[in-house]
Amino acid sequence: MDKREANKKETTAKAEMSGSGNLNRVLVSVDGSEESMKALRWALNNLKLRSPTSDSIDAPSFIIFHVQSPPSIATGLNPGAIPFGGPSDIEVPAFTAAIEAHQERITRAVLDHALGICSQFNLGSQVRTHVVVGDPKEKICEAVQDLHADVLVMGSRAFGPIKRMFLGSVSNYCAHHAPCPVIIIKENDSVNKIN
C-alpha cells in the first residue's frame, strides 16, 4: 500500500468515525481474550452507525465476528498411530467430534460474553454475530470484504517478539491486508467501561 492510499484510508476512517454516523457495518473481531472485549467496548462507545433507511435492505450493524480454529489446529494433536502397527493416518471420528463440540462450547461462551457487553449499550437489532472456521488472519480479512465492513476493530494481545515471530500477529496482518480502515485497541489502551 503506497503512502497516498494509506492517507486516503485514514481520512476516510476519520470522516466515518466522526459523530455524523456514516458507518453501515462495523466488524469487531472477538476471540475471547480481554483485549478483544476491550476492543468491542471501544467500538460500541466510539463508533456511530448510520441511521437506518426504509429502503435499506441491510440495516446498519455491529458485527461480532469470531473465528474457530479447525479441529486439527485447535488441538495441535492427532490421536496418533494405532499401537502395534496399525495405520497412522486414519481419522478418528469420535476424537474429531469431541474437539468440534468443545469448540462450539467455546464459541458460544465467547459470543455470549460479547453479546452481554452489547446488551449494556441497548443496541438491540443493530448487533449481529458471524462465526467461521479457519485461520483467523485470512478469515477476518475475507469477512471484511464479504460483509462489506466499513471498518474493522480488533484487540491486540501484545505478544512478545518471540511469540510474534512464531505465531504471527493477527492484528498486524489485518492492518496490512484488510480492504478497509483497521482500528487496533492495544492491551493498555483505556476504555470507558460500563458496569
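The term pLDDT denotes the predictor's confidence in each residue, on a scale from 0 to 100. A contact means heavy atoms within 4.5 Å.

**Before selecting anything**

This is a predicted model, in which local features need pLDDT of at least 70 and side-chain atom pairs count only at pLDDT 80 or more, while totals for chains, interfaces and linings use all residues. Residues are numbered from 1 along each chain as its sequence is written, and side-chain values use heavy atoms, with hydrogens and water left out.

**Stop 1: confidence**

Colour the chain by pLDDT. The mean pLDDT of the chain is 79, and 67% of its residues reach 70 or more. Select residues 14-19: pLDDT stays under 50 there, and the model has nine contacts for this stretch beyond four places in sequence. Residues 189-195 also have pLDDT below 50, with 10 contacts in the model beyond near neighbours in sequence. Where pLDDT is low, the predicted coordinates should not be read in detail.

Helices (H or I, at least four residues) and strands (E, at least two) are DSSP runs, numbered from the N terminus. Confidence in the chain is lowest in helix H1 (residues 3-17), with a mean of 48, and highest in strand S1 (residues 25-29), with 97.

**Stop 2: the whole chain**

Switch to a cartoon display. The chain has seven helices and five strands, and along the sequence they follow the pattern α-β-α-β-α-α-β-α-β-α-α-β. Of the contacts with a separation of 6 or more, 79% join residues 24 or more positions apart.

A residue is called buried under 20% relative accessible area, exposed over 50%, and partly exposed in between (1.4 Å probe, protein chains only). Buried residues make up 36% of the 195 residues in the chain.

**Stop 3: the sheet**

Two strands pair if DSSP finds at least two bridges between them. Select the five strands: they form an open sheet in the order S3-S2-S1-S4-S5, with parallel pairing. S3 and strand S5 (182-185) are the edge strands, each pairing on one side only. Neighbouring strands of the sheet are turned by 25 degrees against each other on average, direction ignored. Axes are lines fitted to C-alpha atoms, for helices over the stretch in contact, and angles run from 0 to 180 degrees between N-to-C directions.

Next, select strand S2. Why is S2 (residues 61-68) described as largely enclosed by the rest of the structure? The reason is that eight of its eight residues are buried. In a regular strand the side chains alternate between the two faces of the sheet. On one side of S2 are Ser61, Ile63, Phe65 and Val67, and on the other Phe62, Ile64, His66 and Gln68, all of them buried.

S2 pairs with S1 in the parallel sense over five bridges, and Leu27 stands opposite Ile63 in S2. S2 also pairs with strand S3 (residues 127-133) in the parallel sense, over seven bridges; the bridge partner of Phe65 in S3 is His130.

Move to strand S4 (residues 151-155), which runs parallel to S5 and is joined to it by four bridges. Here Val153 stands opposite Ile183 in S5.

**Stop 4: helices on the sheet**

Select helix H4 (residues 93-119), which packs on the sheet and touches S2 and S3; its direction makes about 155 degrees with that of S2. Helix H7 (residues 170-177) also packs on the sheet, touching S4 and S5, and its direction makes about 165 degrees with that of S4.

The axes of H5 and H7 come within 9 Å and cross at roughly 35 degrees. H5 contributes Pro136, Lys137, Glu138, Ile140 and Cys141 to the contact, and H7 contributes Val170, Tyr173, Cys174 and His177.

**Stop 5**

Select Asn122, in the loop between H4 and S3. Asn122 has a positive phi of about 50 degrees although it is not a glycine, and it counts as exposed at 69% relative accessibility.

Next is His148, in the loop between H5 and S4. Its phi is near 55 degrees, a positive value in a residue other than glycine, and His148 is exposed, with a relative accessible area of 56%.

Finally, select Asp150, which lies in the loop between H5 and S4. Is Asp150 buried or exposed? Asp150 counts as buried, at 19% relative accessibility. The C-alpha atoms of Asp150 and Leu23 are separated by 6.2 Å, although these residues are 127 residues apart along the chain.
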